[in-house]
Amino acid sequence: MSASPPNTPGPAPEEESTGVSAVTRALRLLEAFGTSDAQLTLAELSRRTGMHKTTALRIARTLATDHYLVQKEDGSWRLGRAAGWLGACYQATFNVHEVVEPVLRELTIETGESASFYVREGNQRTCLARVDGPRTIRHHVRVGIGLPLNLGAPGRVILAFSGEPGEPYETIRQRGYHLSLGEREPEVSSVSAPVFSMGWRLLGSVCISGPTSRLTEPRLKELAQTVIKAANQLSYALAGSRKPAAGPAGAPAAWHP
């Protein structure tokens with residue numbers, strides 16, 4: 001039986017594995033809280049995390065020693081000031097482009113078309129971020145340019161999820177996306193979906209665009225779910241959440257006009 005070579009790492013100690021598992025469970029307990037949860041009972045924490053009540057209670061008490069959780073007089077739990085401090089630090093140092101541009105880049109790779117993120121500024125939509133597609137023939141938009149809200153899929157989506165009444169906005173809200181063919185520019189097509197922040201407050205819209213000869217209506221419908229997925233990914237990232245809470249047709253269930 002040969003000896004192990006010197007400096008060869010052995011199996012991880014059980015304590016280390018247990019420690020990593022405990023950290024993961026602690027994070028799951030903190031992530032159980034949503035923006036509308038002032039407090040949660042131990043039973044609800046157990047249900048949301050899938051932990052046994054005794055395990056959830058032990059971890060909650062540990063988090064409470066460093067003020068990440070606070071136990072109320074009725075036995076329920078709420079987030080503590082240490083959790084609030086982390087959130088404040090995140091907000092203070094957050095760079096939207098570091099979150100948006102990687103998602104747009106991935107969307108461009110998946111679809112082969114240019115991807116953009118628009119926000120509302122008064123009665124216009126402004127292109128906040130843009131990743132050009134790999135094709136030689138493509139749709140060009142300059143970052144920072146202001147465009148009409150009532151022309152093109154991204155603007156229509158912003159209006160729809162801002163509560164604009166009537167059609168086509170009712171239909172857009174029902175299906176969670178909008179497509180347009182030559183609406184703002186002849187021979188340019190696009191498909192867009194909404195992006196939300198904390199409390200499902202509308203931030204803007206994400207879209208792909210390109211020549212109508214390539215992005216026909218059937219092709220846009222094929223790519224709609226890919227765009228919705230990217231929009232939802234941005235919503236979770238910008239809201240600081242990893243939990244997919246989208247409702248039917250990709251629109252968050254908690255959204256109200």
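By the rule that a disulfide is a pair of cysteine sulfur atoms within 2.5 Å, the count in this predicted model comes to 0 disulfides. C127 takes part in none, and the nearest cysteine sulfur, that of C207, is 7.8 Å away; the sulfur of C207 is therefore too far from that of C127 for a bond. C127 has a relative accessibility of 1% and counts as buried, and C207 is buried as well, at 3%; here buried means under 20% relative accessible area, exposed means over 50%, and partly exposed lies in between, with a 1.4 Å probe and protein chains only.

Residues are numbered from 1 along each chain as its sequence is written. Because the model is predicted, local features need pLDDT of at least 70 and side-chain atom pairs count only at pLDDT 80 or more, while totals for chains, interfaces and linings use all residues, and side-chain values use heavy atoms, with hydrogens and water left out.

In soluble globular proteins, nonpolar side chains tend to be buried together. The largest nonpolar core has 27 residues, of which L104, F117, V191, V206 and L234 touch the most other members; such a core is a set of buried Ala, Val, Leu, Ile, Met, Phe, Trp, Tyr and Cys residues joined through side-chain atoms within 4.5 Å. At least two residues of this core come from each of α5 (96–111), β3 (114–121), β4 (124–131), β7, β8 (202–211) and α8 (217–238), and the largest share, 9 residues, is supplied by α8.

F117 shows how parts of the chain meet: leaving aside residues up to four places away in sequence, its contacts include V100, L104, C127, V195, V206 and L234, where contact means heavy atoms within 4.5 Å.

Strand β6 (residues 178–181) and strand β7 (residues 188–196) pair in the antiparallel sense over 4 bridges, pairing being taken as at least two bridges found by DSSP. L181 has S189 in β7 as its bridge partner, and the two strands form a hairpin with 6 residues between them, where G182 in the turn has a positive phi of about 65°.

Most residues other than glycine have a negative phi, and most peptide bonds are trans. E187, in the loop between β6 and β7, has a positive phi near 70° and is exposed at 58%. H67, in the loop between α3 (53–65) and β1 (69–71), has a positive phi of about 70° and is partly exposed at 36%. A cis peptide bond, with omega about 5°, joins E167 and P168, and P168 is placed in the loop between α6 (153–160) and α7 (169–175).
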